[in-house]
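I opened the model to look up two kinds of side-chain contact. My entries are below.

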Amino acid sequence: MNSKPAAQMNPSFWDERYQKGRFMFSTKPNAFLVEQVPEKGGKALAVGDGEGRNGVWLAEQGWSVTSLDYSQEGIAKTQQLATQRGVALETICADASQWDYPEAHFDLIVLFYFHLPREPAKVAHRGCLKALKPGGRLILEGFRKEQMPLLSGGPRVEDWMYSAEEINEDFGMLDARINRAVGRVLREGRLHGSAAIYQYVGQKAD
């Protein structure tokens, strides 16, 4: 593992990035989230929510949102954005692979560009399944392993990125509504360009 991905495991890496005045990945919600979010609101968990662009947008749509991230600066930017938009949400500063996920608590869980080494990722994913209510939906988008040679972002370690096999292993208990590898052009913040993406939407049985 090279030094940059190792540094990304430390919250101070992201604290330093988020301390800058601008929002790194814009304040607009992820396009796939906007396409796939259920119309009916409820309780939502945004895992690895960074500076809060997705969590705050969900709050604007009427969801009761918990925004989880391990960067204190990210949490501060989330609260700043929520105040600017005139909405409220709960923020929790914690490592998603160590947080105590509540049982069957959320109607919606979203993971956007949430990348960890494989073993911590599996722990976090199990927590998400535990926390999802019967009938609840999980929405995920992130880099797949084919992103490695591309320059449009990502942790630059194959183990941290998604594969179809890993998605099916981790979320196989859900009813997969969307489960696909796609190519798309990223236009989010400073990282632009063609990217290898995985998109997944699953629903927990009632």
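**Ground rules.** I am working from a predicted model, where local features need pLDDT of at least 70, side-chain atom pairs count only at pLDDT 80 or more, and totals for chains, interfaces and linings use all residues. Residues are numbered from 1 along each chain as its sequence is written, and side-chain values use heavy atoms, with hydrogens and water left out.

**Salt bridges.** I took a salt bridge as a side-chain nitrogen of Lys or Arg within 4 Å of a carboxyl oxygen of Asp or Glu. The search returned 11 salt bridges in the structure.

I looked at arginine 85 and glutamate 60, whose side chains form a salt bridge at 3.3 Å, N to O. Arginine 85 is in helix α5 (residues 72-85) and glutamate 60 in helix α4 (residues 53-60), so the bridge links distant parts of the chain, 25 residues apart. I used DSSP runs for helices (H or I, at least four residues) and strands (E, at least two), numbered from the N terminus.

For accessibility, buried means under 20% relative accessible area, exposed over 50%, and partly exposed in between, with a 1.4 Å probe and protein chains only. Arginine 85 is partly exposed at 31%, and glutamate 60 is partly exposed at 33%.

Next I checked glutamate 166 and arginine 118, which meet in a salt bridge at 3.9 Å, N to O. Glutamate 166 lies in helix α7 (residues 164-171) and arginine 118 in helix α6 (residues 118-131), 48 residues apart. Both glutamate 166 and arginine 118 are buried.

Lysine 122 and glutamate 119 bridge at 3.6 Å, N to O. Both sit in helix α6, three residues apart, about one turn of the helix. Lysine 122 counts as buried at 19% relative accessibility. I then traced shared partners: salt bridges join Arg118, Glu119, Lys122, Lys145, Glu166, Glu169 and Asp170 into one network.

**Aromatic pairs.** Rings of Phe, Tyr and Trp (its six-membered ring) pair if their centres lie within 6.5 Å; planes under 30 degrees apart count as stacked, over 60 as edge-to-face and the rest as tilted. I found three such pairs in the whole structure.

The rings of tyrosine 113 and phenylalanine 143 are 5.0 Å apart at their centres with planes at 65°, so I logged the pair as edge-to-face. Tyrosine 113 is in the loop between β4 (106-112) and α6, and phenylalanine 143 is in strand β5 (residues 132-143). Phenylalanine 143 is buried at 6%.

Phenylalanine 171 and tyrosine 200 are stacked, 5.6 Å centre to centre with 25° between the planes. Phenylalanine 171 is buried at 1%, and tyrosine 200 is buried at 1%.
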